[in-house]
Amino acid sequence: MSIKQLIKKESARQKKVINLIPSENYVSKDILAALGSPLTNKYAEGKSHQRYYFGNKIVDEIEDEVKKLALKIFKLSDKKWGVNVQPYSGSIANLAAYLGSVGPNAKILAMSLEHGGHLTHGHKVSWTGKLFKFEHYGVGKDGWLDYDEIEKITQKFKPTLVICGATAYPRKLDFKKFRKIADSVVHPEQGRRTLLLADISHIAGLVAGGAHPSPFPYADIVTSTTQKTLRGPRGAFIIARKELSDNIDKAVFPGLQGGPHLHTIAGMGVAFEEALRPGFKNYARQVVKNAKALASELKKLGFQIITDGTDNHLLLADVTPFGLTGKQAGELLEKNNIIVNKNMIPNDPRKPWDPSGIRLGTPAVTTQGMREKDMARIAKQILKILNFKF
Ligand SMILES: *Cc1c(COP(=O)(O)O)cnc(C)c1O
């Protein structure tokens, strides 16, 4: 089959399924148009107005505007914050942020992958885990972050960078508490306080839409992808305090990357424009309402929901009471056109490849216009599918 035919097939699959993967979404036609635009033909190594190639007048204008929009969606001033919209993905954005702020071999504290953090938060199989000295915190037995415990670990480990942000944590992050924790360790030899990085890849759309507290009053650096709740293309940005942003820019280019993907950057700009429309606030609010509804409906049907609910766009369910592993549950659901991902639950006795839980999220179905009543229907369907195996 040709690639073109396969793309058609995948488009049809995307329309057919109920997509509950919390890191996925459906972009608008305008974003697809930007991604498929002739901007993909242009090379523009360097920052805008300081390029190594010529013919960049228009793409400079585009990149400048996208940077402005990135600050605007989070209500930030360019006097205080620098933006980089060139990272190819969230993974590279994180690596660049660490290299450009604290540098190789620095001590960094982050949430462990097993408890909901990200691979690029220093997991041992990720190069981030090899290039820096990472220590990790997790969640307590109840599935919630225990800020007193994180503070204890911080004071003992004395990191120069603390990371907050997760891929599988269903509750609000208390950025103010993380700031306080970072501030409890000082590094007089480096002449500065412990830096705080918030990786808001998952929740960026909720933050922009006012459905989750903003990290900006407290964090020194914020990294994010744009394809998740922000409903943009697969891309990423780094927003950092002005005094840090020059070094971080250098870590992105020429440190790690070559020419920026201008079609993606333009797509990000369109996503930011969309996030500034009044409707986006309703979208973000509805994503959370739907996740809460899905959690409470599943709970009513006997599912064990980690932390007993959610504050954001995702939830974790332990499926072992059904006599299933996360992998088996995910496969059964896929056969019935409901797409989820398998996920570790806190203190999971099982392994990541076949863990005890599944992770469900509502950004994609909310984009399709689904509401609380649809969540009740989906919950019942999930129960029926998982019970059917007996
Ligand atoms: C998704 C995600 C990333 C990585 O993004 P990619 O675009 O897949 O490289 C980084 N950090 C967190 C917290 C994420 O959820």
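In the predicted model, an open sheet of 4 strands has the order 13-14-17-16 and antiparallel pairing. Strands are DSSP runs of E with at least two residues, helices are DSSP runs of H or I with at least four, and both are numbered from the N terminus; two strands pair if DSSP finds at least two bridges between them. Strand 13 (304-305) and strand 16 (341-343) are the edge strands, each pairing on one side only. Strand 16 runs antiparallel to strand 17 (residues 357-361) and is joined to strand 17 by 3 bridges. Asn 341 stands opposite Arg 359 in strand 17. Helix 11 (residues 278-300) packs on this sheet and touches strand 13, strand 14 (314-318) and strand 17, contact being defined as heavy atoms within 4.5 Å. The direction of helix 11 makes about 15° with that of strand 14, where axes are lines fitted to C-alpha atoms, for helices over the stretch in contact, and angles run from 0 to 180 degrees between N-to-C directions. Helix 12 (residues 326-335) also packs on the sheet, touching strand 16 and strand 17, with its direction at about 45° to that of strand 17. In the loop between helix 12 and strand 15 (338-339) lies Asn 337, a residue other than glycine with a positive phi, near 65°.

Residues are numbered from 1 along each chain as its sequence is written. For this predicted model, local features need pLDDT of at least 70, side-chain atom pairs count only at pLDDT 80 or more, and totals for chains, interfaces and linings use all residues, while side-chain values use heavy atoms, with hydrogens and water left out.

A second open sheet comprises 7 strands in the order 4-12-11-10-7-5-6, with mixed pairing. The twist averages 20° from one strand to the next. Strand 5 (residues 107-111) pairs with strand 7 (residues 161-164) in the parallel sense over 2 bridges, and Leu 109 stands opposite Val 162 in strand 7. Helix 7 (residues 175-183) lies across strand 6, strand 7 and strand 10 (195-199), at about 150° to strand 10.

Two helix pairs are described next. Helix 11 packs against helix 14 (residues 372-388) at an angle of about 35°, with the axes 8 Å apart. This crossing is right-handed (the near helix is turned clockwise from the far one by less than a right angle; anticlockwise is left-handed). Residues of helix 11 that meet helix 14 include Ala 293 and Leu 294, and those of helix 14 include Met 375 and Ile 382. Helix 3 (residues 57-73) and helix 10 (residues 262-276) pack at about 35° with their axes 9 Å apart, in a left-handed crossing. Among the residues that meet there are Val 66 and Leu 69 in helix 3 and Ile 265 and Phe 272 in helix 10. In helix 9 (residues 242-256), which contains Pro 254, the peptide bond from Phe 253 to Pro 254 is cis, with omega near 10°.

Of the 13 residues around the ligand, Ser 89, Ser 91, Asp 199, His 202 and Lys 228 come nearest; a residue counts as near if one of its heavy atoms lies within 4 Å. A polar side-chain atom of Lys 228 lies 2.7 Å from an oxygen atom of the ligand. A backbone N or O atom of Gly 90 is 3.1 Å from a ligand oxygen atom.

Conventions. A polar contact is a pair of N or O atoms within 3.5 Å; within protein, one must be able to donate a hydrogen and the other to accept it, and residues adjacent in sequence count only if both atoms are side-chain atoms.
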